[in-house]
Amino acid sequence: MTKETVLIVDDDIRNVEFLRDSLLVPSGYTALCATDGEEAVRLALTEEPDLILLDLQMPKMNGFHVLEALNRQGREIPTILITAHGSESVAMQAFRLGVRDYFPKPFKAAEIMEAVERSLTEARLRREKEELAVRLEQVNRQLEQRIKELTILYGISKSVASLLDLDRLLARIVEATMYVTRAEETSLFLLDETTQDLQLRSVQGVGDREARPVRKSTDDTVVREVMDTGLAALSPIAGAHEPPPLESRLAVPLRARGGTIGVLHATRKMAMEPFSDRDRYQLSLLADYAAIAIENARLFAEVEEQRSKLETILVGSEDLIVVIDELGLVLLASPAAVEAFSLEMEEMIGKPLLEVTGSEALDRLFNLPLTSNGVRSLEIPLVDGRTFHASLSPVADVGWALIMRDISHLKELDKMKSDFVATITHDLRSPLTAIQGSLALLPELGELTDEQQEFAERAMRNAEHMDTLIRNLLDIGRIEAGLEMEMEPIRLDAVIEEVVANLLGGAKSKGLILRAVVPNDVPPVRGNHTRLMQVMTNLLDNAIRYTPRGGKITVRVEDDGDHVTVSVSDTGVGIPAHAEAHIFDKFYRVEGAETRELEGIGLGLATVKSIVEKHGGQISVESTEGEGSTFCFSLPQVEPESD
Ligand code: ADP
């Protein structure tokens, strides 16, 4: 770097030459020389030296006059004064005029050079400081400009992001593009995901106050390329075309979900300044916000569509449908459900279902043990007299769906069926008793031949079987009516012991292992001894019948403090999943090769369920076809007598 320029002013040419040739030039400075004051002022003004070495005493115009002349011109050039006529008042005046250093003649060369270095270093630092200040101000101005642009962009993006109607949103984006790029025409293209067609969806021209929606395929190569590459395109590239084309184009991709969903495009015709990198940068920023807003609007539209579909289902459904979250708060309810619970929609949505309905039956449903498919079901009577079959199923990531189907007419039918069966069985019994009586009297008429004896015995056996069926039918009628159900504290372990003893022989003869795991101190339940014997007998009898030779049957008793739970597990044929829901229905039998051969009319489990429910208990089944079944019922314990 070349060093600074120093102006040497002295009327004694020898001094000038000494300073120039012996000191300044050898040290690398450029030296300007003047031998009188006027020349000094002229050189100082035209050449603008960085430092002046100024003699005081000169003919015509002395050193002070030179400084005053420069001051008047507004020039402040660092000056070192050298004089043979030094005095305190001279020094005072010199400093007042801005002199940096003051040397009496004769001077020492080293001192002068030191002063020159010092002054110039100071000047250098001052200059750097000034330059820095200028640069800082420039950067500040740029920053302010950027902040202003970003604030505008942010404002636009916010207004864009708040729109959920897709057509209005696209129009707003196109208008924002116009504002940001100061273009003549702006447009937005979106990819139709089903047809993969790139379509012009919104456009605004210079005279249009608002963007207008369109739907038109495009084959514009620039737009297509931006769509395919996902990279912005700017044309013309500065200096690349000579002469420049008649229009400047800017296209940026709309990126979302890791891909390009469309293109934002702007054109400026002719005379205007072409688009710059800065325009591209700003439009890319806008495009990023816009793409997110478009995705939001699309998702919103999808959710809206699903919601309205769901609403149509809910409104149209005769079933009562309620969806609740994991905390039991109602998310959705069909109008029929709201009405059935005598509530208003706003009294249900967002509220805890069990609390607002106050339904004890629902409460019981929620507390039922889970079945293997996670569904709980229960019959629920409503205050308006209707009976519903309620099923509560888990809904992943949501909570639960409660669907209640009106089964009042089925209950009615069931009752009619029961009444009919009761009447018919009663009417069947009298002739059957007569048949049995007559058959019993046959031997008294005289010796029967072997063949007659065999026919009579077969008739007797079938009459007995028929009698059992009729008794079973009558029995379930009585149980359902709550007849013959005197309750007392019963020890279930004793009941189990008795039934196991009764059936052990049958199990053994079929090669089955039958065992009971019963704790010592099973608390009593309130129950009817005969009916509970019937429950255990039916369950164990089924386990024995539906378990092939070599299998295992286990009875377990557990007590959780409130209930005594009895389970009967077998390693038998099991029950197909589709049949589990019907297994306790009257006359229901599983259709299958294994069961078809076994006698039965499908009343055993219906009787068992009826008895358990009359005891205030619950029964359930878990089974895997081909592996075995577990029937489980629990009864409330006898409340301890309070003293
Ligand atoms: P059934 O007189 O037919 O045995 P139930 O009401 O006792 O009538 O049983 C109804 C149906 O349930 C039976 O037909 C049988 O298919 C099925 N079932 C009952 N218990 C069992 C079991 N332990 N294992 C497999 N299937 C069973």
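Ala, Val, Leu, Ile, Met, Phe, Trp, Tyr, Cys and Pro count as nonpolar, Asp, Glu, Lys and Arg as charged, and the others, Gly among them, as polar. This model is predicted: local features need pLDDT of at least 70, side-chain atom pairs pLDDT 80 or more, while totals for chains, interfaces and linings use all residues. Residues are numbered from 1 along each chain as its sequence is written, and side-chain values use heavy atoms, without hydrogens and water.

**Exercise 1.** Describe the shell around the ligand by class and by nearest residues.

*Solution.* 
- Step 1: take residues with a heavy atom within 4 Å of the molecule.
- Step 2: among the 21 residues around the ligand, Asn542, Arg545, Asp570, Arg589 and Leu605 come nearest.
- Step 3: sort by class. The shell holds 11 nonpolar, seven polar and three charged residues.

**Exercise 2.** Find which helix gives the most to the shell around the ligand.

*Solution.* 
- Step 1: helix 16, helix 19 and strand 23 each supply at least two shell residues.
- Step 2: helix 16 gives the most, with three residues.

**Exercise 3.** List polar contacts of the ligand (pairs of N or O atoms within 3.5 Å).

*Solution.* 
- Step 1: An N or O atom of Val590 lies 3.3 Å from a ligand oxygen atom. For Gly602, a backbone N or O atom lies 3.2 Å from an oxygen atom of the ligand.
- Step 2: check side chains. A polar side-chain atom of Ser629 lies 3.5 Å from a ligand nitrogen atom.

Conventions:
A polar contact is a pair of N or O atoms within 3.5 Å; within protein, one must be able to donate a hydrogen and the other to accept it, and residues adjacent in sequence count only if both atoms are side-chain atoms. Helices (H or I, at least four residues) and strands (E, at least two) are DSSP runs, numbered from the N terminus.
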